[in-house]
Amino acid sequence: MFGRRAAGRLKDAEEALADGRLDEAFSLADSPDVVMLGAADRFVAELVEALLRRGQDHLMSRRFGEALADFDRAARCGRDGAKVEEWRRRAREALNHEMRVEGEQNAALAAGHHRLAAGSLAGAQDARERAPLDDTAAAALSQAIGRQADRAKEAIAAAESALDEGDLVRASRELAAARRLHSKADELAAMETRLLERVMQQVAESFAEGRLNRARQELALLGEIGRERPDRVEIEHALGLAGDAARALAEDHYVQAGVLLGQLGQLGLSAKWIGEARGHLDVLDEHRRALLEGPLGLLVGRQAARVAVTDQRVTEETVSARPRMIRPIDDAPLVVRPAADAGMLPRRLLLRIDGVGSFVLIRGDRVTIGRAGGGADLELLSDLAERQAEIIRAAEDYFVVATSGVELAGRRVDHALLQEGDRLALGKRVRLTFRRPSLKSTTAALDLGEGVRTAGDCRRVILWSGPLLLGNSTDCHIRLPVGGLILMERAGTVIVRPVGPGQQAVTALPLGVTTTVGELGMRVQSLNGSSGGGVGRVVG
C-alpha cells in the first residue's frame, strides 16, 4: 500500500517539475520512500539540475539567501554531491561578502551623518566616498551634504549683509549658524575676522565711553572667535579690573578701588572716565585724611590714624598681586586674598632662559631694597639698613625714596624721579643702574653693579608692572639672540607670546616647569619662602 502511495507522489512530483512548479516538486519528492523508488533516479537527477539552475539565477541576481536555499535542497536530494557542494560554497562566500559590504556601508553612512551634524562637510563627504555601494541611502547622504553646504553659504551671506548694515547681533548669530553647518567653509574665516574687527572696535568705543556693561555684551557676541588675540585678552583683562574696582567702590573700599583703577590706567586704553574716577577717589581720600587729622581723628587717636594709613598700604600691595578675571558687577563681593592663595603668582620670581641667563622678577608698585634678613623685597648682604631705599612706581613714572641715604648721580637725595640710565649708590658698595628701555611698557629694571649678586647669579632685577619685552633690540628688558617675545601675567599665570604680525600663539609658563618656547627653554619659579631666595651678595 505504501509503495502505491510513494509511486503516486512521485508521479505528482514529476508533473509539478514538468509544469515548472519546482518547490512543489521538491516538497512531494522530499521523502525516503519516494527517492528509493527505482523509477525516481531520472526524476531526482532532473530535480537537482533544476534546483542548481534556479540557485545560479538567484546568485547572479544577488539574491544570496534564495540561492543558498536552492543549493541546500539540491544537497538533500543526494545526487551530484561534489557539484552541489561547490555551488553551496560559492553562495555562502557571496552571502558573507554581501553582509560585510552592507556593514561597511552602514558604518560609512552613519559616520557621514554624524560628521554632517557636527558641521564637518569635508568629513561627511569623505565618509560618503568610503561607502562601498552607490545605493539610495548613499545618494540621500550626498543630497544632505549639498543642502547643508547651501544653507551655510546662505548664512554667511546673511552675516555679510548684517555687517554691512551694522547689525552685529544678527551677524554674530548668522556666523554661528554657518559654523554649525560648515565649520570649514572657505568664506567663514574671512567673515569671522571681519566680525572680530568690527566688534573689537565697538568694544573699544564702548569702553572709552564708560559703557562697560555694553562692552561686555559686545564681547560676548564673539564667543570663541579670537579668544587668544592680544587685544581681546587685553580688553577682557581691563573689564575684569573695572569689575573689581566697581565692587570695591560699592563696598566702600576706596583705596582698593583706586589701586585697581591705577592698574587699569596702566594698560594704555584711552578712557577719560578712568582719570575722572581716580580724581573723585583722590578727593574722597583727601577728605578722609582731613577727617582723621581733625577733631574726629583726635577722638580715635593718632595710633588709629597710623593704622589706617598702614592698612591702606597693605591693601595696595595685596590688591596689586590679585589675579584678574571678568565677573558681572553684581557678582559675589570682592574678597582680597593673601598672596599665598592658590592660583596667584608670588611677589618675587626667578626667570631662567637657557643660553641667556637668570633674572629676578619683582611684582608690585613698591620695591624695597635693604640688608639681608630685614624683610626687603631685594635683600643684599651688605652694610645697608633693613630698608635702605624704596623704588615706587606712580602711573608712568618711577621714584626713588631714601630712608637711610641714597646717592643719585653723586648727589645725596631723599626723593627723586628716576630716568633711564640713572646710577644709584646705596651704602659703601652697592651700585645700581635704573633702566627703562621701552616707553611701550611700564616695566623697568635695575642693573646690579660689579660685585653685587642676587639669587641665581642674576645681574638684572626686573620691576615687573606691565608687558615684559624680550628680543634683540635695545628697547627690550631682556636681550635675546634672535626673535621677539612678550611676557605677561594673566589670571595668576605667566604667559608668553611671540611678537609680530599674526603671531598670536600664547604659551603658559607653569611655575617650576621648564617650557620650550620656540628654540628657548624658559623656567619661572618662586623666590618666596626659599632659603636665601631673595638675598643678594656683595663681594669685596
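Start with helix 12, which covers residues 230-250. Its 21 residues should span 30 Å at 1.5 Å a residue, and its end C-alpha atoms are 30 Å apart, so the two agree. (The expected span of a helix is 1.5 Å times one less than its number of residues; helices are DSSP runs of H or I with at least four residues, strands are runs of E with at least two, and both are numbered from the N terminus.) Helix 12 is also mostly covered, with 16 of its 21 residues buried. Buried here means under 20% relative accessible area, exposed means over 50%, and partly exposed is in between, using a 1.4 Å probe and protein chains only. Just after helix 12 comes D252, with a positive phi of about 65°.

Before going on, keep in mind that this is a predicted model, where local features need pLDDT of at least 70 and side-chain atom pairs count only at pLDDT 80 or more, while totals for chains, interfaces and linings use all residues. Residues are numbered from 1 along each chain as its sequence is written, and side-chain values use heavy atoms, with hydrogens and water left out.

Now step back to the whole protein. Its secondary structure comes to 15 helices and 20 strands. Of the 540 residues, 44% are buried. The protein exposes about 27,700 Å², and carbon and sulfur atoms supply 53% of that; accessible areas come from the Shrake-Rupley method with a 1.4 Å probe, and for residues only the protein chains shown count as cover.

How confident is the predictor? The score to look at is pLDDT, its confidence in each residue from 0 to 100. The protein averages a pLDDT of 80, and 84% of the residues score at least 70. Over residues 302-343, though, the pLDDT is below 50, and that stretch has 78 contacts in the model beyond near neighbours in sequence. Residues 530-535 are also below 50, with ten such contacts.

An α-helix has 3.6 residues a turn, so residues three or four places apart point the same way. After helix 10 comes G210, whose phi is positive, near 85°. With a relative accessible area of 17%, H182 is buried. Leaving aside neighbours within four places in sequence, H182 is in contact with G119, L121, A152 and L188.

Next, the charged pairs. The structure holds 38 salt bridges, each a side-chain nitrogen of Lys or Arg within 4 Å of a carboxyl oxygen of Asp or Glu. One of them joins K83 and E49, at 3.4 Å from N to O. This pair links distant parts of the chain, with K83 in helix 6 (residues 81-117) and E49 in helix 4 (residues 40-60), 34 residues apart. K83 counts as partly exposed at 38% relative accessibility, and E49 does too at 27%.

Another salt bridge joins R393 and D365, with the closest N and O atoms 2.2 Å apart. R393 lies in strand 5 (residues 389-394) and D365 in the loop between strand 2 (357-363) and strand 3 (366-371), so the pair ties together parts that are 28 residues apart in sequence. R393 counts as buried at 5% relative accessibility, whereas D365 is partly exposed at 24%.

R435 and D447 meet in a salt bridge as well, at 3.3 Å from N to O. R435 sits in strand 9 (residues 430-435) and D447 in strand 10 (residues 444-448), twelve residues apart. Here R435 is partly exposed, with a relative accessible area of 25%, and D447 is buried at 18%. Elsewhere, salt bridges that share partners join D23, R54, D70 and R73 into one network.

Finally, look at the surface, where L249, Y254 and L284 form a nonpolar patch with about 250 Å² of accessible area together. Patches are made of residues with over 30% relative accessible area and no salt bridge; like charges are joined within 9 Å, and nonpolar side chains (Val, Leu, Ile, Met, Phe, Trp, Tyr) within 5 Å. Y254 belongs to helix 13 (residues 254-266) and is partly exposed, with a relative accessible area of 34%.

Definitions and conventions: Contact = heavy atoms within 4.5 Å. pLDDT = per-residue confidence, 0-100.
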